[in-house]
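Visitor: Hello! Could you walk me through this structure?

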Amino acid sequence: MIEICPKCGNHEWDKEITGDKICCPKCGEEWNFISMPLFILTGCSGVGKTTTAIEIVRKKVDYAVLDADILTWYVDWNNEEICNDWVEMILNLTKDINQSGKPVLWTMAGCIDRLPKAYNSRYFSEIKCLALVCDDEALRKRMQEGRGITDENWLKGSSDYNRYFMEHDSFGDVRFDKVDITDKTPQEVADYVIDWMKY
């Protein structure tokens, strides 16, 4: 929405961004926009992203907390073009919410490496990712007892993904912070994320 030219109505994805200004290449019109960091709470399946997000919302924070899974109803994870479109949709929605002055925190497990390559990434001052990690035993317990997951392939895939986050600090060009939540309550994790988001 913010990228639609108020003068000529150009709605194409061809705008020029300079600082906090958008310029329409068709008519030369310039207008302001609010650039904020893009906040991503990531981690493997079952680690506690959604639980943390719910606790953050309960604390009545002054920003939007959204789960990227709400937009996955059509996503084919094996189709690169569809995955890229999904990331663009997330960023497009976020930049419009930002215009109200509210930051946005997404819970998002995959496609982190696609964020800086997306066209809409240029509307953000930075991309900030925080990965939730925990030890293997705690992860398995969360998945089996908390979510009722018994599929060994799913459990192993989640464990491998969790280990990646524990052993690395970036996905492609996207660096991420991490916090070990093995011995933390959901409320403690929520407080940590809220503090991490301060900018």
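Visitor: Where does Cys-111 sit?

Guide: Welcome! This is a predicted model, where local features need pLDDT of at least 70, side-chain atom pairs count only at pLDDT 80 or more, and totals for chains, interfaces and linings use all residues. Residues are numbered from 1 along each chain as its sequence is written, and side-chain values use heavy atoms, leaving out hydrogens and water. Helices (H or I, at least four residues) and strands (E, at least two) are DSSP runs numbered from the N terminus. Cys-111 is found in the loop between strand 6 (104-107) and strand 7 (127-133).

Visitor: Is Cys-111 buried or exposed?

Guide: Buried means under 20% relative accessible area, exposed over 50%, and partly exposed in between (1.4 Å probe, protein chains only). With a relative accessible area of 13%, Cys-111 is buried.

Visitor: What is the phi of Lys-60?

Guide: Most residues other than glycine have a negative phi. Lys-60 lies in the loop between helix 1 and strand 5 (64-67), and is exposed at 73% relative accessible area. Although Lys-60 is not a glycine, its phi is positive, at about 60°.

Visitor: How are helix 1 and helix 5 oriented to each other?

Guide: Axes are lines fitted to C-alpha atoms, for helices over the stretch in contact, and angles run from 0 to 180 degrees between N-to-C directions. Helix 1 (residues 49-58) and helix 5 (residues 186-196) pack at about 75°, their axes 8 Å apart. Angles under 35 degrees count as roughly parallel, over 145 as roughly antiparallel, 65 to 115 as roughly perpendicular and the rest as oblique. Helix 1 and helix 5 are therefore roughly perpendicular.
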